[in-house]
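Opened the notebook for a quick look at one chain.

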Amino acid sequence: MTFFDSHNHLQDAALDGVRAEVLRGGAVAGMVVNGTGEDDWAAVARLAAEHAGVRPSYGVHPWRVDEAGPGWFERLGEFLDGGGHVGEIGLDRWRTTENFPRQLEFFRRQFAEAGRRGVAASVHGVRAWGALWDEVRTDPTPGRGWLLHAYGGPPEMVAGFAARGAYFSYSGSFDNPGRERKREAFRRVPVERLLVETDAPAMPLDATRSRHPLSVAGRAVHHPADLAVAYEGLARLRGMPVAELAEIVAENYARLFGS
Ligand SMILES: [Zn+2]
């Protein structure tokens with residue numbers, strides 16, 4: 001079986017100790033590695049240049065819009081000129097609401113840029129589902145499609161986002177206790193829009209379920225090889241064998257991110 005990680009941050013320093021092992025292959029056949037701000041785009045580009053299975057993605061994460069200096073958008077364009085998708089971008093009212101107008105401005109420019117270039121966009125949303133819906137409801141969305149990574153919004157909104165071109169990636173952390181609403185959302189995702197992700201090093205699995213427990217400086221870290229656990233969780237949820245899900249996800253991944 002071939003597993004694809006639709007969203008991680010393999011460039012992150014928390015993964016320094018396991019990166020080489022993950023890239024040697026085996027557990028993960030391909031992955032989209034997402035930058036979060038100007039300071040990590042070069043590391044993402046390097047990983048993509050050195051490893052055929054890595055699809056690079058460049059963007060300013062909503063948590064980092066206040067750090068972006070003048071000229072960020074031009075520098076983003078320079079990285080995208082070298083090939084790659086747009087992300088991680090998004091809207092988030094959980095950490096702070098004060099900079100929401102700036103988040104909106106960054107989201108709009110980057111999301112539109114994905115459409116203009118014919119590439120995918122990887123979108124993070126937290127406590128901003130109404131605002132995100134307002135952005136995509138009528139305005140054009142990237143023609144190739146776009147990803148709602150670790151979708152944690154209302155199950156009722158899945159159909160609308162899907163009609164506007166969204167794909168949805170399942171996180172293994174959704175099988176942690178207390179996440180029934182997130183699992184309910186993934187029962188409703190159209191099969192041709194299903195993807196799987198880790199978001200490693202973020203969103204670690206429950207310690208009892210991880211097969212690759214990893215901790216860095218006393219903090220639990222999501223090991224990218226735990227992607228298999230996410231596939232198993234989603235296969236259970238959708239009532240299909242893991243091998244069948246793996247085939248579907250491979251097709252969806254190739255359609256959105258390129259094979
Ligand atoms: Zn992420």
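My entries follow, going from the whole chain to single residues.

Ground rules. I am working on a predicted model, where local features need pLDDT of at least 70 and side-chain atom pairs count only at pLDDT 80 or more, while totals for chains, interfaces and linings use all residues. I number residues from 1 along each chain as its sequence is written.

Overall build. I looked up the secondary structure and got nine helices and 10 strands (DSSP runs numbered from the N terminus: helices are H or I, at least four residues; strands are E, at least two). The C-alpha trace spans about 45 × 40 × 35 Å along its principal axes.

Burial. Buried residues make up 47% of the 259 (buried means 20 or more other C-beta atoms within 10 Å of the residue's own, with C-beta atoms placed from the backbone).

Helix α2. Within residues 41-50, I found W41, V44, A45 and A48 buried. They sit on the same side of α2, because they cover an arc of only 100 degrees around the axis (the arc of the directions from the helix axis to the C-beta atoms). Their cover includes β2 (30-34), β3 (54-58) and α3 (72-81).

Y231. Leaving out residues up to four places away in sequence, I see Y231 touching F3, V196, V242, L245 and A246 (contact: C-beta atoms, placed from the backbone, within 7 Å).

Definitions and conventions:
Buried ≥ 20, exposed ≤ 12 C-beta atoms within 10 Å, placed from the backbone. Contact = placed C-beta atoms within 7 Å.
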